[in-house]
Amino acid sequence: MTKLLTIPISIIIILSISGCNITGVANAFIDNHNERKELKQQAEEIVECFNTGDIDTLEGMFCEEARNNNDLPLEIQNVFDCVKGEIISYEYLDFGLVGSVQDGKYDKKEYNILLTVTTDKNEHYEIVFTRFFVNDFKPESIGIYQLSVDLMTQKRINGKIRQINEFLYGIYPYDV
């Protein structure tokens, strides 16, 4: 029993010595968990927007700076036009959190998400979007700030089947 307690007690001691507090670590874990849950839900909404052609809902997911771009609805329509057919299935991949910490709290926090989708026309695409949850350097960038679509095909190269991704269209309203 004492061996089981050794590891958690050691972690607590290390955290308290290093200046981290347990509450801060727990809150960061909960925040990251909630953000990942929100990202999965947003991915489902994005798929639904592609299937219904709902420009307004997808536009509302973009950050303020992107929404201020008058061409955003046209850009969204262009990205919708790249996907042939209705999305019937998708796989979700979270590339993880990228961020920076200042004085014990995040001042920049972004996630990159990849959706590998299949349509009823037996086409395969990758939809990638990047979203800021925190950006103290540019608060108007909080939300989705880029989204792109690639067509996935397979070709035989030197006797081996290779996956080929062809970039179709991307929405990159500004540099962050």
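The legends below accompany close-up views of a predicted model.

**View 1. The largest nonpolar core of the predicted model has 34 residues.** Within this core, the residues with the most contacts are Phe50, Phe62 and Phe129. The elements that contribute two or more residues to it are three helices, H2 (22-52), H3 (55-61) and H5 (72-82), together with three strands, E2 (105-119), E3 (124-135) and E4 (143-157). Helix H2 provides the largest share of the core, namely six residues.

**View 2. The surroundings of Phe129, one of the residues with the most contacts inside the core.** Leaving aside residues up to four places away in sequence, Phe129 touches Leu39, Gln42, Ala43 and Ile46, and also Tyr111, Asn112, Ile113 and Leu115.

**View 3. A salt bridge between Lys109 and Glu35, one of four salt bridges counted in the model.** The side chains of Lys109 and Glu35 meet with a distance of 3.2 Å from N to O. Because Lys109 belongs to strand E2 while Glu35 belongs to helix H2, this pair ties together parts that are 74 residues apart in sequence. Lys109 has a relative accessibility of 3% and therefore counts as buried, and Glu35, with a relative accessibility of 11%, counts as buried as well.

**View 4. A salt bridge between Asp94 and Arg36.** Here the side chains of Asp94 and Arg36 meet at 2.9 Å, again taken from N to O. Asp94 lies in strand E1, which spans residues 87-102, and Arg36 lies in helix H2, so the two side chains tie together parts that are 58 residues apart in sequence. Arg36 is partly exposed, its relative accessible area being 32%.

**View 5. A salt bridge between Lys138 and Glu65.** In this pair the closest N and O atoms are 3.6 Å apart.

Methods: Residues are numbered from 1 along each chain as its sequence is written. This is a predicted model: local features need pLDDT of at least 70, side-chain atom pairs count only at pLDDT 80 or more; totals for chains, interfaces and linings use all residues. Side-chain values use heavy atoms; hydrogens and water are left out. A nonpolar core is a set of buried Ala, Val, Leu, Ile, Met, Phe, Trp, Tyr and Cys residues joined through side-chain atoms within 4.5 Å. Buried means under 20% relative accessible area, exposed over 50%, partly exposed in between (1.4 Å probe, protein chains only). Helices (H or I, at least four residues) and strands (E, at least two) are DSSP runs, numbered from the N terminus. Contact means heavy atoms within 4.5 Å.
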